[in-house]
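Thanks for coming, everyone. Please take a look at the structure on the screen, and then we'll walk through it.

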Amino acid sequence: IADRREGIGVCGWILVCLSFLLVLITFPISIWACIKVIREYERAVVFRLGRILSKKAKGAGMILILPCTDTFIKVDLRTVACKIPPQEILTKDAVTVRVDGVVYYRIYSAVSAVANISDVHSATLLLAQTTLRNVLCTQSLAQLLAGREEIACSIQAILNTATEQWGVKVARVEIKDVRIPVAMQKAMAAEAEAARETRAKVVAAEGEMNASRALKQASMVLSESPAALQLRYLQTLTTLAAEDNSTIVFPLPMDMLGSLGQKSRGG
């Protein structure tokens, strides 16, 4: 609708001339009804005899409106933060979740926002709700929890494509909260705990295996030198004595005990 170039016709121009003549006759009183002030963040879409006066909105600043023939609609160009109500969504892996989000958008074409749709804000909110549900239904719960940024970017691209003819630019989409049922939370917690226990057991087993290999290599090195074994034995005694223990366990080598037994039997 905003791209039409049809004129107002001969009768329309006659009415415009009469309106302008009325302004001149009642000047300067009528000037106060003709001058309108548009704020910096607003634009005015002017209709003359029901048709859009220009394909470009007027403002900001002071604009002139003819009485009786011209009307105008103000459009706010500031960014709007629109909260998406919580949506009950069934994910791809059959899990029911409640998801809400926020959409940030702004109107970049006031003429399109007025002429192409009746309520641009309500339409954008409804479209954001529908798009959120349609996109999240194709994702699993793990993808939803781990890939929020990618999902938000895909929703933003879909919204920008759909709202382009409305003169709306979606600046950002954020998935605010994902609520999982309590039973599912307990199941996920149990699964995570079991996975941690499994990893702990694997790490402990790997540590035992590495320790056994190290002990095997150490025993091979010590078996090659009896003096090294004796030094290690003395070092162990020194470590025990340095801890201020009242009782010290003094181990004896088995070969020493065997030699003592043989001597006792020989005597």
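Which residue in β3 does F47 stand opposite? F47 stands opposite I52. Before I go on, some ground rules. This is a predicted model, where local features need pLDDT of at least 70, side-chain atom pairs count only at pLDDT 80 or more, and totals for chains, interfaces and linings use all residues. Residues are numbered from 1 along each chain as its sequence is written, and side-chain values use heavy atoms, with hydrogens and water left out.

Now some terms. Helices (H or I, at least four residues) and strands (E, at least two) are DSSP runs, numbered from the N terminus. Two strands pair if DSSP finds at least two bridges between them.

Back to β2. β2 and β3 pair antiparallel, over two bridges. They form a hairpin with two residues between them. In that turn, L49 has a positive phi of about 55°. β2 also runs antiparallel to β5 (residues 70-76), joined by seven bridges. There, E42 has D76 as its bridge partner. β2 covers residues 42-48, and six of its seven residues are buried, so the strand is largely enclosed by the rest of the structure. Buried means under 20% relative accessible area, exposed over 50%, partly exposed in between, with a 1.4 Å probe and protein chains only.

Next, the open sheet. Three strands, order β6-β7-β8, antiparallel pairing. The edge strands are β6 (80-90) and β8 (168-179), each pairing on one side only. Neighbouring strands are turned by 20° against each other on average, direction ignored. Axes here are lines fitted to C-alpha atoms, for helices over the stretch in contact, and angles run from 0 to 180 degrees between N-to-C directions. Contact means heavy atoms within 4.5 Å.

Helix α4 (residues 120-136) packs on this sheet and touches β6, β7 and β8. Its direction makes about 35° with that of β6. Helix α6 (residues 148-163) lies across β7 and β8, at about 145° to β8. Strand β7 (residues 96-107) is joined to β8 by 10 bridges. V99 stands opposite V178 in β8.

Two loops to point at. Between β6 and β7 sits A94. A94 is not a glycine, yet its phi is positive, about 65°. A94 is exposed, at 60% relative accessible area. The other loop, between β3 (51-52) and β4 (61-64), holds A60. The peptide bond from G59 to A60 is cis, with omega near 0°.

Last, cysteines. C17 is partly exposed at 48%, whereas C34 is buried at 0%.
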